[in-house]
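Here are a few friendly notes to keep beside the viewer as you get to know this structure. Take the points in order, and turn the model as you read.

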Amino acid sequence: MKIAFISTRGIPNNYGGFEQFAEYISVGLANRGHEVTVYSPHFHPYKENTYKGVRIKHIYSPETWMGSSVGSFFYDFLSLRDALKREQFDIIYEAGYTSIVPAYIWFDVKNIKCPVFTTNMDGLEYKRTKFNKWVQKFVFWEERMTVKHSHYLIADNMGIHDYYKEKYGKESKFLAYGADIHDDYSSEFLKEFGLEENSYYLLVARLEPENNIVMAIDGYLASEENGHRPLIIIGKTNTPHGKELVARYGMESSIRFIGGIYDFKKLNSIRRFSFAYFHGHSVGGTNPSLLEAMASGCFILANDNLFNRAVLKHNAEYYTTSAEVTDLLNNMDLLAMRDKKRFIKANLEEIRTEYSWEHLVDEHEKYFEWLLAQKAEKDGIYLL
């Protein structure tokens, strides 16, 4: 099969969840003999034309001077134009929809027979609080247009799957992200940050409003844990919300912003040795950082929503307000004694059975083969 991944910020990953996904799945499929291409913006630091058997196509993106909100529309348009005009792919996998919709409409994707388009719908994007109400309305329109124009949809969480089925009457394929369980954790990495094993709380996220970082911080500051075990926050602080958080809480002695960490051995070790881990994401599907926390053996405190419960089930402590965060933390030693080992064991087993990358490469390969079988049947070609 000839497969293209579009709308990521390239591989190897130095940005986020879709890029992590694209790296693992594309390399896994290439190792099985498929011809896989990942589109990458020209400013990505990796300049080679191949990566572990995957072809890289470097496409100009004006994001560096236009900003990501506008620049990504041009980057996606140019990537899709290249894929349609210069390549002969069997399948195009679209990672998210918010910047590809104009290109879908321009190229009349719904009436293209080849390649087959499948779109990962990510989370409920129009609910992201970083958008004002007009942008939210526009993004909701984009959602409807994607459902209309894409050949097939992918949901990375059963909550997302159910949403599209109920709202639009359209099926989507449930295919989650993945994570690996490692055995190379080292407490030596903690020394760089002045940390000790089992003596700090951890939050890893993009510093955006919908990840409810303020809720976790305010709940922590009002608790008896303030000044006992510090709260360590990992994520780039150069976002507008990140700057607001640093300005508001940066002088608190128990709150430490340490920026982004993209050395995964280091990051996973910091996860592994935390006392407990906050996961406040509320509008996405299956968040990669949640799976990585599960795989690292974290004791998870999670925002109570259908997406997080679909993944964690009963194996986390849940909260919906900062006051509930405070209550959890005031009883943390008791909760840890009662639940920590049991929750960690169950979450590790979930990663092994449902979210390992090898399993997900299998699932994506089967799905892509199914897509081509569906196309062949529509074209009147019956495969033996």
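1. Start at Ile 300. Leaving out residues up to four places away in sequence, Ile 300 touches Tyr 277, His 279, Leu 290, Ala 293, Met 294, Leu 312, Ala 316, Glu 317 and Asn 347. Please keep in mind that this is a predicted model.

2. Now for the core around that residue. The largest nonpolar core has 59 residues, and Phe 5, Ile 300 and Phe 368 are the ones that touch the most other members. Helix α1 gives this core its largest share, seven residues. Another core, of 30 residues, lies apart from it and includes Val 101, Ala 103, Phe 117 and Leu 124. As a general background, nonpolar side chains tend to be buried together in soluble globular proteins.

3. Leu 291, Met 294 and Ala 295 in α10 meet Asn 347, Leu 348, Glu 350 and Ile 351 in α13. The axes of α10 (residues 288-295) and α13 (residues 332-354) come within 8 Å and cross at roughly 115°. This crossing is left-handed.

4. In what order do the eight strands of the open sheet run? The order is β3-β4-β2-β1-β5-β6-β7-β8, with mixed pairing. At the edges are β3 (50-51) and β8 (173-174), each of which pairs on one side only. Within the sheet, β2 (residues 35-41) and β4 (residues 54-59) pair in the parallel sense over five bridges; Thr 37 has Arg 55 in β4 as its bridge partner.

5. Helix α1 (residues 17-31) lies across β1 (2-6), β2, β3, β4, β5 (91-95) and β6 (116-120), and runs at about 170° to β1. Helix α14 (residues 357-378) lies across β1, β5, β6, β7 (152-155) and β8, running at about 165° to β7.

6. Between β1 and α1 there is a loop that holds Thr 8. Is Thr 8 buried or exposed? Thr 8 counts as buried because its relative accessible area is 1%, and buried means under 20%. The Thr 8 side chain reaches the backbone nitrogen of Gly 10 at 3.0 Å. Setting aside neighbours within four places in sequence, Thr 8 is in contact with Phe 18, Glu 19, Ala 22, Val 38, Tyr 39, Pro 41, Tyr 75 and Ala 95.

7. Helix α6 (residues 158-168) deserves a visit too. Gly 159, Ile 160, His 161, Tyr 163 and Tyr 164 are buried in α6, and their cover includes α5 (133-149), β7 and α11 (306-312). At the start of α6, a side-chain oxygen of Asn 157 reaches to within 2.7 Å of the backbone nitrogen of Gly 159. After α6 comes Gly 169, with a positive phi near 65°.

8. Finally, have a look at another pair of strands. Strand β9 (residues 201-204) is covered on both faces: Tyr 201 and Leu 203 are buried on one side, Leu 202 and Val 204 on the other. β9 pairs with β10 (residues 231-234) in the parallel sense over four bridges, and Tyr 201 stands opposite Leu 231 in β10.

Definitions and conventions: Residues numbered from 1 in each chain as written. Predicted model: local features only at pLDDT ≥ 70, side-chain atom pairs only at ≥ 80, totals over all residues. Heavy atoms only, no water. Pairing = 2+ DSSP bridges. Helix = DSSP H or I, 4+ residues; strand = E, 2+ residues; numbered from the N terminus. Contact = heavy atoms within 4.5 Å. Axes fitted to C-alpha atoms, helices over the stretch in contact; angles between N-to-C directions. Buried < 20%, exposed > 50% of the residue type's maximum accessible area, 1.4 Å probe, protein only. Polar contact = N/O pair within 3.5 Å; in protein donor to acceptor, adjacent residues only side chain to side chain. Core = buried A, V, L, I, M, F, W, Y, C linked by side-chain atoms within 4.5 Å. Left-handed = near helix turned anticlockwise from the far one by under 90°.
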